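Work through the exercises below with the structure open. Try each task before reading its solution.

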Amino acid sequence: MTRFIFGNGFKVLNKISTNFPETEIGIKCTEELQQFPHWLFDTAESKRDSKNITGSIGALTYLVQKFPQHPVAPKSQYLVGDIYMNDLRQKNDQRNFELAIKSYRKIIADFSGS
């Protein structure tokens, strides 16, 4: 659901930017599109701080999938692993090391040299 909302927001900004490039709102939407990955990262951190762990992971996952070449993508993938390791507990209140390791390995596979 979260990815759907982020995707819709991105599409709306893109549509306005494309259809009205010379207008004040079109220019603002173009600026917002350029900052969208940073906004997603900030949103994820805010959601994490407010204990909305699922929302935080959703924003980060969307960011990594939609903007894999963006400089903030490796940091986002790392944060996913950090959340799994420190915030998202399994039913027996144990840390989720398995998902954390999987997330960290994704950094090595997808963002080598980062």
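The exercises go from the whole chain to single residues, and the model is a predicted one.

**Exercise 1. The fold in outline**

Task: Determine how many helices and strands the protein chain has, and in what order its elements run.

Solution: 
- Step 1. Count the elements. The secondary structure comes to five helices and zero strands.
- Step 2. The order is α-α-α-α-α.
- Step 3. The C-alpha trace spans about 55 × 30 × 20 Å along its principal axes.

**Exercise 2. F6 and W39**

Task: Classify the ring pair of F6 and W39, and say which helices it links.

Solution: 
- Step 1. Start from the total. The structure holds seven aromatic pairs.
- Step 2. Take the geometry of one pair. The ring centres of F6 and W39 are 5.8 Å apart, with the planes at 80 degrees.
- Step 3. Apply the cut-off. Planes over 60 degrees apart count as edge-to-face, so the F6 and W39 pair is edge-to-face.
- Step 4. Locate the partners. F6 is in helix α1 (residues 2-19) and W39 in helix α2 (residues 24-49). They are 33 residues apart, and the pair links distant parts of the chain.
- Step 5. Check the exposure of each partner. F6 has a relative accessible area of 6%, so F6 is buried. W39 is at 42% and therefore counts as partly exposed.
- Step 6. Widen the view. Ring pairs link F6, F10, F36, W39, Y62 and F67 into a cluster.

**Exercise 3. Y78 and Y104**

Task: Classify the Y78 and Y104 pair as stacked, tilted or edge-to-face, and state what it ties together.

Solution: 
- Step 1. Take the geometry. The centres are 5.4 Å apart and the planes are at 35 degrees, which makes a tilted pair.
- Step 2. Assign the helices. Y78 lies in helix α4 and Y104 in helix α5 (residues 97-110), so the pair ties together parts 26 residues apart in sequence.
- Step 3. Check Y78. Its relative accessible area is 45%, so Y78 is partly exposed.

**Exercise 4. D82 and its surroundings**

Task: Decide whether D82 is buried or exposed, and find what it touches.

Solution: 
- Step 1. Locate the residue. D82 is found in helix α4 (residues 73-86).
- Step 2. Compare with the cut-off. Buried means under 20% relative accessible area. D82 has 16%, so D82 is buried.
- Step 3. Find the polar partner. The side chains of D82 and N86 are joined by a polar contact of 2.8 Å.
- Step 4. Leave out residues up to four places away in sequence. D82 then touches R48, D87 and Y104.

**Exercise 5. T30 and E98**

Task: Give the helix and exposure of T30 and of E98, with one distance for each.

Solution: 
- Step 1. Take T30. Its place is in helix α2. Its relative accessible area is 30%, so T30 is partly exposed.
- Step 2. Find its backbone partner. A polar atom of the T30 side chain lies 3.0 Å from the backbone oxygen of G26.
- Step 3. Take E98. Its place is in helix α5. Its relative accessible area is 69%, so E98 is exposed.
- Step 4. The C-alpha atoms of E98 and M85 are separated by 8.5 Å, and the two residues are 13 apart along the chain.

Note on methods:
Residues numbered from 1 in each chain as written. Predicted model: local features only at pLDDT ≥ 70, side-chain atom pairs only at ≥ 80, totals over all residues. Heavy atoms only, no water. Helix = DSSP H or I, 4+ residues; strand = E, 2+ residues; numbered from the N terminus. Buried < 20%, exposed > 50% of the residue type's maximum accessible area, 1.4 Å probe, protein only. Polar contact = N/O pair within 3.5 Å; in protein donor to acceptor, adjacent residues only side chain to side chain. Contact = heavy atoms within 4.5 Å. Phe/Tyr/Trp six-rings, centres within 6.5 Å; stacked < 30°, edge-to-face > 60°.
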